[in-house]
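Subject: Structure handover

Hello,

I am handing over the structure we spoke about. Please open it alongside this note.

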Amino acid sequence: MSKDIVKIGNQTLPSSAEVFAKNWQMYQKILKHNYIRHKEMYDILHQFILNYPAKSFSFLDLGCGDLSTITPCLVDSNIYSYIGVDLSPQALEIAQKNITYIPGEKRLITGNIKDVVQELVSTKNLKFDIVFSSYTIHHLSTLDKQNLINDIWQILNPNSCFIFIDTFREEGESRDRYLAKYWQNINKNWFSLTKDEIYLAITHMKNCDFPETENTILNQVKNAGFSKCEFIYRDQEHPGYLLVCYK
Ligand SMILES: C[S@@+](CC[C@H](N)C(=O)[O-])C[C@H]1O[C@@H](n2cnc3c(N)ncnc32)[C@H](O)[C@@H]1O
């Protein structure tokens, strides 16, 4: 891996990141075919960023992947600093090319998002106007999600926001029921994946996906201290949302 990528904390891959470390081309197919609605989410995110009131802003991306979806939202924005954090060497390799299109200062960090954010909290010398995380936080346990969101609040500047894209369970829906519904969708619609890739995707979800209900997430962001939250997109077919939490 290039020396331009800074290492922070423990580099051990949690099981949640394994599939993304070894099978990035499978995730690229998911992006290309818009199976989890990146297009709709990121079109709205792009508009949000273009209308962001600050003259210029710093942006921390937790679980940044290869940057292929976030770069188009930032190329024409007033960003002055971008930091992307991930643990997948395959994704970060591609990210090194995509990051060149983002204006301003930029840096990639390889590390566990929990360690990196904790480190930022303890060093106290770097704060952000936007902290963003897309389809990553559902890999954490309920307690780790709360701890991470508490830490995110601490590394945000005043009048800033945490933007959160993720998948959710319906109120009262068990994790087993959520997974069963999701797998039905994968088997029915994810045509571009090979049989082996479908098996990988399903096994990854079984071992590593712990989506919360919207109410649990709203309580967690409230507990962390966020004053106002707004779902600016909810998909009708895929259980995904785009939530903005204001500090
Ligand atoms: C589903 S992908 C999302 C990538 C991108 N944000 C997007 O929306 O397309 C999840 C990403 O989070 C990374 N990831 C998962 N758990 C992580 C952790 N604890 N620390 C750092 N990265 C993690 C994976 O390597 C992967 O790149």
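What follows is a short account of the sheet, the helices and the shell around the ligand.

One point before the rest: this is a predicted model.

Eight of them form an open sheet, in the order 1-4-3-2-5-6-8-7. The pairing is mixed. Strand 1 (5-7) and strand 7 (228-234) stand at the edges. Each has a single partner strand, so one side of each is left without a neighbour in the sheet. On average, neighbouring strands are turned by 20° against each other, direction ignored.

Look next at one pair inside that order. Strand 3 (residues 79-86) and strand 4 (residues 105-110) run parallel. Six bridges join them. Within this pair, V85 stands opposite I109 of strand 4.

**Helices on the sheet**

Which strands does helix 3 touch? Helix 3 (residues 38-50) packs on the sheet against strand 6 (156-167), strand 7 and strand 8 (240-246). Its direction makes about 135° with that of strand 7.

Helix 5 (residues 89-98) also packs on the sheet. Helix 5 touches strand 1, strand 3 and strand 4. The direction of helix 5 makes about 170° with that of strand 4.

**Helix against helix**

Begin with helix 1 and helix 9 (residues 195-208). They pack at an angle of about 160°, and their axes are 8 Å apart. Angles over 145 degrees count as roughly antiparallel, and helix 1 and helix 9 are therefore roughly antiparallel to each other. Their crossing is left-handed. Helix 1 brings S15, S16 and V19 to the contact. Helix 9 brings L200, H204, N207 and C208. By class, this contact has three nonpolar and four polar residues, and no charged ones.

Helix 9 also packs with helix 8 (residues 175-189). Here the angle is about 165°, with the axes 11 Å apart. Helix 8 and helix 9 are therefore roughly antiparallel to each other too. Helix 8 passes helix 9 in a right-handed crossing. From helix 8 come L179, Y182, W183, I186 and N187. They meet I198, A201, I202, M205 and K206 in helix 9. Eight residues of this contact are nonpolar, one is polar and one is charged.

The remaining pair is helix 6 (residues 113-123) with helix 7 (residues 142-154). Their axes come within 9 Å and cross at roughly 35°. The crossing of helix 6 and helix 7 is left-handed. On the helix 6 side, the contact is made by I113, K114, V117, Q118 and V121. On the helix 7 side, it is made by D144, L148, D151, I152 and Q154. The residues of this contact divide into five nonpolar, two polar and three charged.

**Around the ligand**

Which residues come nearest to the ligand? Of the 19 residues around the ligand, these are F20, G63, G65, S88 and S134. Two elements give two or more residues to the shell: helix 1 (15-22) and strand 3. Helix 1 supplies the largest share, three residues. By class, the shell holds nine nonpolar residues, nine polar and one charged.

Helix 1 gives residues to the shell and packs with helix 9. Strand 3 gives residues to the shell, pairs with strand 4 and is touched by helix 5.

Best wishes

Notes: Residues numbered from 1 in each chain as written. Predicted model: local features only at pLDDT ≥ 70, side-chain atom pairs only at ≥ 80, totals over all residues. Pairing = 2+ DSSP bridges. Helix = DSSP H or I, 4+ residues; strand = E, 2+ residues; numbered from the N terminus. Axes fitted to C-alpha atoms, helices over the stretch in contact; angles between N-to-C directions. Contact = placed C-beta atoms within 7 Å. Near = placed C-beta within 6 Å. Nonpolar A, V, L, I, M, F, W, Y, C, P; charged D, E, K, R; others polar. Parallel < 35°, antiparallel > 145°, perpendicular 65-115°, else oblique. Left-handed = near helix turned anticlockwise from the far one by under 90°.
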